[in-house]
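Hello,

Here is the structure I promised to pass on to you. Please open it beside this email, and I will walk you through what turned up.

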Amino acid sequence: MDFSPGVLILFSLLCSVAGQAPEVSVEPQAATVRQGESASFRCQVRRGAQPIQVVWKKANNQALPDNVKTGPDGSVLTVANAVPANQGQYRCVADNSAGRGTATAALNVKHAPKVRLTPAGPLRVRMGDPVSVECRATGRPRPKLNWKRQGSTLQLVTKDTNDVNTIQWPVVHPEDSGVYICRAENNEGVAEVKVEIIIEGQPGTPVASVGATEMTVVEAHTITMECQASGSPPPVITWSKLRAPLPWKHTVAGGVLTLTSVGRQDSGQYICNATNIHGYSEAYTQMEVESPPYATCLPDQVRLQPGDALRVQCVAHGSHPIRFEWSRGGRASLPPGAQATKDGTLLIGHVKLSDSGTYKCVATNHIGSSEALAKVIVKA
Ligand SMILES: *[C@@H]1O[C@H](CO)[C@@H](O)[C@H](O)[C@H]1NC(C)=O
């Protein structure tokens, strides 16, 4: 349809006469209350053609909770005896025959922290095993969390991520037995939860621990792995490799295992074993040896006649993933009709005399890259 300017003006005039969609505002736009207090929001209609119907909704369109009510004409929303779940956005929606207007109010409910531990305890742990306890808290404002040991004022080192504070030991010792307290605090209050940790095992039994439980190293480097052990009498430390002898270029001194010039075959699990008259304790280090690619072309030389198919595979050893890239010596691009696949194959369906030349494959991984050449001779 094509409107002339005169028709457009008439059309918009008719609209404003026929009715105007409601325009609303809320007062206040945000409120903060303590748990148990009340709050009200008024929705005001600024303009719009009557009749206008006003309703309040939760911003996520869920039903209003039982303690949230609206007045007889729908314009006032009252939250009585606020609970933390009432926190959020509320939307006033006004409808008439011409359309809809909305405005939003935010309610913030302050409340004292609540704390939960996982696992709850008491925890019985074997000497030398790992332990961790997560402390999670709710509360507004967001509470600060910390861990203490009962009877000690020292603050413990913990891992803090998004409302979870974790106390952990990679290896527990007998002296770690005790009661630990997670405390959450905000302006509204404080909450504390205790957990008892009981370390089981005879005094003097060895407890072994390694410097790193996982390591990724690069081929040809020299690697050291440390192992420490507590116990009485002092345990004897030995190193071994799971299901394989230790690499022959190794030495052990003072609990430290040194591997000279590691290769990919040296990847695997290494075990430190600490032994005394009371028993033994094992600790593990998983080592991955990574290597740069080593590329070759199969075949590295081809003789073809025009019209023959060319297929050269670039093969690479090394840590995955490996990317392949083919190019042609001295040229910016591969000849038209040539195709290089993701797995490193170079393909030309029907070669031409002009396809003769040297082709280069570059294999790359996150450690390095390697090149290989293939010579292609096309002769009639
Ligand atoms: C550690 O030493 C104990 C006692 O000598 C032995 O029974 C155990 O098999 C050893 N563990 C490993 C992985 O060698």
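Strand E22 gives the largest share of the shell around the ligand, with 3 residues. This is a predicted model, in which local features need pLDDT of at least 70, side-chain atom pairs count only at pLDDT 80 or more, and totals for chains, interfaces and linings use all residues. To find your way around, note that residues are numbered from 1 along each chain as its sequence is written.

The residues that surround the ligand are Ser240, Ile271, Asn273, Thr275, Tyr280 and Glu282. Two elements give two or more residues to this shell: strand E22 (268–276) and strand E23 (279–290). Strands (E, at least two residues) and helices (H or I, at least four) are DSSP runs, numbered from the N terminus.

Sorted by class, the shell holds 2 nonpolar, 3 polar and 1 charged residues. Here Ala, Val, Leu, Ile, Met, Phe, Trp, Tyr, Cys and Pro count as nonpolar, Asp, Glu, Lys and Arg as charged, and the others, Gly among them, as polar.

Next, have a look at some backbone details. The peptide bond from Arg140 to Pro141 is cis, with omega near -10°, and Pro141 sits in the loop between strand E10 (131–140) and strand E11 (144–149). Another cis peptide bond runs from His320 to Pro321, with omega near 0°. You will find Pro321 in the loop that joins strand E26 (310–317) and strand E27 (323–328).

Two residues other than glycine have a positive phi: Ala220, near 80°, and Arg243, near 55°. Ala220 is in the loop between strand E17 (214–218) and strand E18 (223–230), while Arg243 lies in the loop between strand E19 (236–241) and strand E20 (250–253).

Are these two buried or exposed? Ala220 counts as exposed because it has 12 C-beta neighbours inside 10 Å, and Arg243 counts as exposed because it has 7. The cut-offs are 20 or more other C-beta atoms within 10 Å for buried, 12 or fewer for exposed, and partly exposed in between, with C-beta atoms placed from the backbone.

Finally, the domains. An unreviewed UniProt entry lists "domain: Ig-like" for residues 22–108, 113–198, 206–290 and 293–379; its positions are given in the numbering used here, feature names are shortened, and annotations may be inferred rather than shown by experiment. Residues 22–108 are 0% helix and 59% strand, with end C-alpha atoms 27 Å apart. For residues 293–379, the span is 0% helix and 55% strand, and the end C-alpha atoms lie 33 Å apart.

Happy exploring!

Key:
A residue is near a molecule or strand if its C-beta atom, placed from the backbone, lies within 6 Å of it.
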